[in-house]
Amino acid sequence: MASSCKGDGAYLVGRVHTDLLISVTDRCNLRCVYYMPDEGMTFLPRSQLLSYEEIGRVAAVARDLGVTSIRLTGGEPLVRKDLTSLVSRLTSIGLEDLALTTNGMQLAKMAAGLAAAGLKRVNVSCDSLRADRFESIRRRGDLATVLSAMDAAEAAGLLPLKVNVVLLRGRSDDEVLDFAAFARETGRIVRFIEFMPLDAQGQWDRSSLVPGQEVFERISQVWPLEALGDHGEPAPAERLRLTADGAFLNCPFSDDERSARDVLRGGAGAGEIARMLREAVWAKFPGHATNQPGFLRPARSMSMIGG
Ligand code: SAM
């Protein structure tokens with residue numbers, strides 16, 4: 001999608017958005033240390049979540065504006081009832097790519113059905129290849145289930161399979177080469193994600209973050225890597241998002257939200273949603289400012305906005 005300037009049809013070069021990330025729930029069945037506190041999370045009442053019908057309407061408008069790729073996330077998307085029916089609904093609007101990011105705990109039993117409904121691929125989060133460490137980072141869930149889920153996803157044709165890894169300094173940063181070897185052995189695409197200040201408990205600190213450059217250099221010493229530069233995938237922070245409660249968000253660090261849910265429930269049609277989407281793209285700040293002095297955490301955590 002390209003942003004238009006005040007509806008006059010002028011397109012801003014460089015702001016072309018073809019990817020939309022949709023969070024379908026803020027709930028999760030795990031409690032990763034970098035994500036949610038072990039106890040005491042409160043979640044949105046169901047009435048505040050977009051229904052599947054509402055998500056489908058927004059997605060159709062986004063497709064008409066040039067979005068070709070949608071990724072479903074959360075929270076944990078597979079804990080929302082009957083997610084397969086949402087996948088069918090989104091498949092029917094016609095997209096080039098429809099993906100899902102999941103912790104994998106319920107994926108093994110759902111993979112074939114999701115693929116049959118039109119899902120093309122999955123990203124599975126897995127922060128350690130050591131069972132005890134995996135459990136201490138994710139606090140609920142276990143490594144064996146997630147590894148089986150990856151196998152099931154591949155068997156169902158949900159390819160390419162990407163594995164998301166959030167490395168934590170002093171806790172799992174010694175697994176960089178293990179993950180690189182895992183990628184080489186399995187053909188799965190391992191992506192190291194820097195720990196971002198989007199944890200619900202507000203405990204992020206820079207000393208826990210393992211910079212991507214360091215990961216790149218450590219792997220390169222053993223297996224030379226090529227930098228993708230501008231031709232790589234857009235960083236997750238650069239995508240347009242629809243939160244579980246129906247707000248458009250142009251960046252996970254933005255507090256500039258527009259509620260598509262309120263607009264839809266107020267009886268507005270596709271034209272109004274299209275206008276909001278264009279505005280969200282237009283307002284997009286190029287890059288985010290976590291490295292700037294005075295950076296303030298955003299009001300919403302990753303579980304609320306979807307990652
Ligand atoms: N529950 C699903 C999962 O675990 O993949 C989907 C939602 S989760 C928010 C999506 C991705 O965001 C996961 O790969 C997770 O590891 C990552 N993530 C969560 N909190 C993060 C944080 N504070 N910093 C960086 N990545 C984070």
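Does Phe192 count as buried, exposed or partly exposed, and at what relative accessibility? Phe192 counts as partly exposed, at 27% relative accessibility. Buried means under 20% relative accessible area, exposed over 50% and partly exposed in between (1.4 Å probe, protein chains only).

This is a predicted model, in which local features need pLDDT of at least 70 and side-chain atom pairs count only at pLDDT 80 or more, while totals for chains, interfaces and linings use all residues. Residues are numbered from 1 along each chain as its sequence is written, and side-chain values use heavy atoms, with hydrogens and water left out.

**View 1. The aromatic pair Phe179 and Phe182 in helix α6.** Phe179 and Phe182 form an edge-to-face pair, 6.5 Å centre to centre with 85 degrees between the planes. Both lie in helix α6 (residues 176-186), three residues apart, about one turn of the helix. Helices (H or I, at least four residues) and strands (E, at least two) are DSSP runs, numbered from the N terminus.

**View 2. Burial of Phe179 and Phe182.** Phe179 is buried, with a relative accessible area of 0%. Phe182 is also buried, at 10%.

**View 3. The pair Phe179 and Phe192.** The ring centres are 6.2 Å apart and the planes at 90 degrees, so this pair is edge-to-face. Phe192 lies in strand β8 (residues 189-193) and Phe179 in helix α6, so the pair ties together parts 13 residues apart in sequence. Ring pairs link Phe179, Phe182 and Phe192 into a cluster.

Notes:
Rings of Phe, Tyr and Trp (its six-membered ring) pair if their centres lie within 6.5 Å; planes under 30 degrees apart count as stacked, over 60 as edge-to-face and the rest as tilted.
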